[in-house]
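Dear colleague,

Please find the structure below, together with its sequence. My notes on it follow directly after.

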Amino acid sequence: MDAVAQHLEAGYPNEACGALIGRAGDGTQPHQALEFRPMRNAVTDRPWDRYVLDPLEQLQVQKDAEARGLEIIGFVHSHPDHPPRPSQFDTERAWPFYSYVVAAVAQGKMAEVRAWRLDEGTKTFREEPLTID
Ligand SMILES: [Zn+2]
């Protein structure tokens, strides 16, 4: 979480993002994130309230993870001076498998952090427990 805070705060007042690398849950077990990989926000026109991953960078992150027997299990992004709830934009671009961690960054400091998963049936986000070991 220190690495997450560092990257998201450095990106302020724009949205910053990255990938969670770890092991996937199996339905009874939640996803387990072992590390955070900072990524660049590829949005150029309005990066203060949107983020898009660079697909080539995402592919590289995925390859690096797989080479070590791990995988991308989720993504983190910041909401500068806004609550950590997924936006409509976030919802439309989400995939059901991944955990989406959204962190509010208030006045440049990481504040509330929450985790969400897209419900395949309703295409809406449901909050999931976020435990930091
Ligand atoms: Zn968002």
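Two residues are taken to be in contact if their C-beta atoms, placed from the backbone, lie within 7 Å. Helices (H or I, at least four residues) and strands (E, at least two) are DSSP runs, numbered from the N terminus. The model is predicted: local features need pLDDT of at least 70, side-chain atom pairs count only at pLDDT 80 or more, and totals for chains, interfaces and linings use all residues. Residues are numbered from 1 along each chain as its sequence is written.

The protein chain has three helices and six strands, in the order α-β-β-α-β-α-β-β-β from the N terminus. Of its contacts with a separation of 6 or more, 55% join residues 24 or more positions apart.

Helix H1 (residues 2–11) has Val4, His7, Leu8 and Gly11 as its buried residues (20 or more other C-beta atoms within 10 Å of the residue's own; exposed means 12 or fewer, and partly exposed lies in between). Seen down the axis of H1, these fall within an arc of 95 degrees (from the directions of axis to C-beta atoms), so they line one face of the helix. Asp2 and Ala10, on the other side of H1, are exposed. The cover over the buried residues of H1 includes strands E1 (17–23), E2 (32–39), E3 (71–80), E4 (99–106) and E5.

Strand E5 (residues 109–119) pairs with strand E6 (residues 124–128) in the antiparallel sense over five bridges; pairing requires at least two bridges found by DSSP. Arg117 stands opposite Arg126 in E6. The two strands E5 and E6 form a hairpin with four residues between them, and Lys123 in the turn has a positive phi of about 55 degrees.

With kind regards
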